[in-house]
Amino acid sequence: MSEQKVDTSTIINNGLKAYEEKLQEKERQEKEKRKKWIVNYALFLIVTAIIVYIFPSTNQFKYAYALGEHWGYEALEAPIDFPILKTEDELKKDYNDLLKQYYTPYFHTDTEIINKIEERFTKGSKSNEARYGEDYTLYIKGAIKKVCDEGIISNKDNDDIERIGITKLKILVTPKDNKEDNYYVETDIKKIRTEKEAYNYIIENVPNNLERKIVKQFNINEYLRPTLVIDEEQSALSKKEATMSMSRDKGKIEYGRKIVERGEIITNETFQLLESLKYELENSQQDVSTQARAGQAICVLCILTALFLYFVLFRDFYLTKRRMIFVLGMVVGMCALTAYVTNLSYNMKELTVYIIPYAIVPITISTFFDTRSALFSHLATVLICSLIAPHEFEFLLLQILIGMICISTLKKFYQRSQLFKTVGIIASIYIITYLGLVLTHAAGWDDNDTMVLISFLINAGLLLFSYPLIFVFEKLFNFTSDITLVELTNSNNPLLRQFSEVAPGSFQHSLQVSNLASDAADHIGCNALLARAGALYHDIGKMANAIYFTENQNGYNPHSKLTALESVKIITNHVSDGLIIARKNGLPQQIQKFIESHHGKNPVRYFYNTYCNEHPDEEVDIKEFSYKGQLPTSKEEAVVMICDTVEAASRSLDTYTDEKINNLIEGLVAVQLKDGAFADAPITLKEIEDVKTILKEKLKNLYHTRIRYPELNKKKD
């Protein structure tokens with residue numbers, strides 16, 4: 001009885017000890033998880049500070065409005081004191097009034113032109129002089145001399161003067177005896193003639209002894225040219241002095257005064273107030289206040305915290321330093337581009353933020369992560385950028401819609417043609433949605449809308465660069481895209497061709513495993529392409545000693561000359577040999593994990609059992625007969641491990657009945673579960689059951705019995 005009590009207490013103590021060890025292990029794991037969260041959140045905090053630093057340092061006016069529309073925001077009060085700017089018409093009127101009152105244009109007489117006019121007339125009039133007499137040439141010559149000396153002005157200069165309403169101008173006079181003492185003489189504009197007026201003057205003042213119709217035959221208009229040339233420098237200086245006193249504003253709005261109420265229709269007066277505030281904010285270069293900076297930091301931190309919580313709650317396995325640097329780098333890059341283009345757009349009005357290809361974020365992240373993570377990352381990016389970009393509602397509507405369309409059309413990015421189709425769809429959605437916004441606002445079409453449409457087309461063109469960017473990110477962050485996986489699963493891949501030649505049996509086994517793993521992975525919702533690629537390469541280490549593996553033997557078994565310990569070393573080395581071959585051939589890290597984990601730490605039971613039977617009295621360490629790999633850390637690796645074990649073991653069945661296939665799969669997976677092979681993989685028991693179901697169906701189809709064809713009876717002669 002006492003012995004039974006001792007045994008019972010020992011059992012209880014051992015149970016309590018095991019329970020405490022489990023609690024300690026769980027607590028250790030929780031501490032490591034919290035430490036990982038803290039480290040990653042610190043990275044998010046650093047990125048918040050970087051983004052706030054990137055934000056434009058000057059105030060911006062970020063409201064969208066148009067004359068005659070309803071004000072779609074909360075009531076707006078003046079954030080600063082600012083002057084009310086005059087309208088363009090008012091400025092133009094004030095400008096012209098000042099010019100009319102104070103401006104005097106300056107001209108000088110071009111004596112060379114006068115001399116040329118006289119010379120040309122003297123030569124050209126000889127025939128008419130011989131025909132009509134000298135009196136006509138003397139009169140015309142004198143008249144031309146008179147109008148040239150008084151001044152002939154060009155039509156353009158005359159129109160400019162008349163448009164302003166100027167009545168006086170100044171002409172430079174150079175005395176004949178002293179060329180250095182030049183001075184300007186103010187002249188009435190009525191005394192100055194244009195070419196047409198000079199011609200009319202000569203015709204109308206013909207003496208009575210001469211006939212006017214004969215004078216006209218001398219073609220006087222061919223000789224007349226402007227003799228007064230405007231002095232650009234002196235006239236510009238006069239114009240500047242005349243308009244120096246002109247003011248651009250017509251009043252002042254004080255801080256806190258209400259400018260417009262929510263829902264109020266924007267009238268001409270309100271529109272001018274908004275334009276004045278916008279001009280003041282964008283041109284005053286007044287630094288953003290500390291209060292505004294704090295608000296920006298809070299908004300950015302809340303958005304990034306929401307993104308962080310998504311990864312913590314739904315994608316904890318992505319919370320690695322490398323992956324988070326990539327995601328946050330994309331966010332910071334887009335924010336920096338938005339800030340840079342926004343600053344440029346103040347001086348280059350034709351430049352808009354819509355030229356930035358924001359869809360690159362969901363394209364690249366969905367390629368390396370998943371569509372859900374891509375959508376959350378895109379939302380975080382455009383929400384932060386909306387704090388910088390003008391017209392935030394319009395910006396958010398367009399960018400969120402584009403992100404959704406992009407993720408939907410590029411769910412499986414396997415081919416380059418998919419990107420071209422997606423780019424075309426994105427450009428179309430941009431344009432159609434923007435046209436809808438224009439119609440909604442009913443503001444009419446203008447040049448700015450045309451530039452926005454051009455920006456959409458440039459945006460779509462820049463999206464094509466996401467294809468080479470994916471390749472760059474693969475190398476920088478050691479990622480693996482679906483495009484690379486497609487290339488790796490191509491049977492013409494040099495490494496696969498070598499595998500099929502050196503170890504044909506192992507290659508055929510890998511092909512079968514890849515087919516099984518692909519179907520099983522697709523059924524439980526994980527990356528079927530990754531599972532296929534990992535399965536194709538999981539046994540490439542067998543190329544180093546192909547003949548030592550059953551599937552490559554043709555009647556000769558070299559293990560017959562080796563001890564169990566020697567044999568097991570060769571067998572288990574195919575994992576380390578596979579890693580060497582993979583690194584030499586540049587296989588991605590994700591594929592190398594399949595090589596390292598497809599056997600995990602499982603023992604090679606054939607040689608372990610053989611050795612135990614040969615040495616019944618010896619205590620055998622099973623670790624000496626086990627693989628030195630790692631346990632699967634992803635669903636895809638777990639699926640490949642199951643498929644590899646099942647496919648290899650299925651070849652040993654003497655008959656392929658439903659019962660034997662079911663028992664084989666159930667037994668093998670049960671052993672793996674008992675050994676803790678999936679302890680580090682995020683695969684559930686339900687998903688393992690689904691994998692078993694798929695394998696049973698596939699193996700039954702693969703090994704189904706075939707009918708025997710009857711022999712053809714030979715006819716007797």
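In this predicted model, Tyr 106 stands opposite Lys 170 in strand 4. This pair belongs to the contact between strand 3 and strand 4 (residues 168-173), which run parallel to each other and are joined over three bridges. On strand 3 (residues 106-109) there is also an antiparallel pairing with strand 6, again over three bridges. Within it, His 108 stands opposite Val 229 in strand 6, and Thr 109 has Leu 228 as its bridge partner.

Zooming out, these strands are part of an open sheet of four strands in the order 5-4-3-6, with mixed pairing. Strand 5 (183-188) and strand 6 (228-230) each have a single partner strand, so one side of each is left without a neighbour in the sheet. From one strand to the next, the twist averages 40 degrees.

Turning to charged side chains, a search of the whole structure finds 23 salt bridges. With Lys 146 it forms a salt bridge whose closest N and O atoms are 2.8 Å apart. Both residues lie in helix 5 (residues 134-150), four residues apart, which is about one turn of the helix. Glu 150 has a relative accessible area of 30% and is therefore partly exposed; Lys 146, at 35%, also counts as partly exposed.

Glu 150 has a further salt bridge, to the side chain of Arg 193, at 2.4 Å from N to O. This pair links distant parts of the chain, 43 residues apart, with Glu 150 in helix 5 and Arg 193 in the loop between strand 5 and helix 7 (195-204). Arg 193 counts as buried because its relative accessibility is 15%, and buried means under 20%.

Arg 605 is in helix 25 (residues 605-614), while Asp 675 is in the loop between helix 27 (658-674) and helix 28 (685-702), 70 residues away. Both are partly exposed, Arg 605 with a relative accessible area of 37% and Asp 675 with 40%. Salt bridges that share partners also join Glu 666, Glu 689, Lys 692 and Lys 696 into one network.

Finally, there is a nonpolar surface patch of about 330 Å², made by Ile 454, Ile 458, Leu 462 and Phe 465. Among them, Ile 454 is placed in helix 17 (residues 447-463) and, at 37% relative accessibility, counts as partly exposed.

How values were computed:
Residues numbered from 1 in each chain as written. Predicted model: local features only at pLDDT ≥ 70, side-chain atom pairs only at ≥ 80, totals over all residues. Heavy atoms only, no water. Patch = residues over 30% accessible without salt bridge, like charges linked within 9 Å, V, L, I, M, F, W, Y side chains within 5 Å. Areas by Shrake-Rupley, 256 points an atom, 1.4 Å probe, with all protein chains shown as cover. Salt bridge = Lys/Arg side-chain N within 4 Å of Asp/Glu carboxyl O. Helix = DSSP H or I, 4+ residues; strand = E, 2+ residues; numbered from the N terminus. Buried < 20%, exposed > 50% of the residue type's maximum accessible area, 1.4 Å probe, protein only. Pairing = 2+ DSSP bridges. Axes fitted to C-alpha atoms, helices over the stretch in contact; angles between N-to-C directions.
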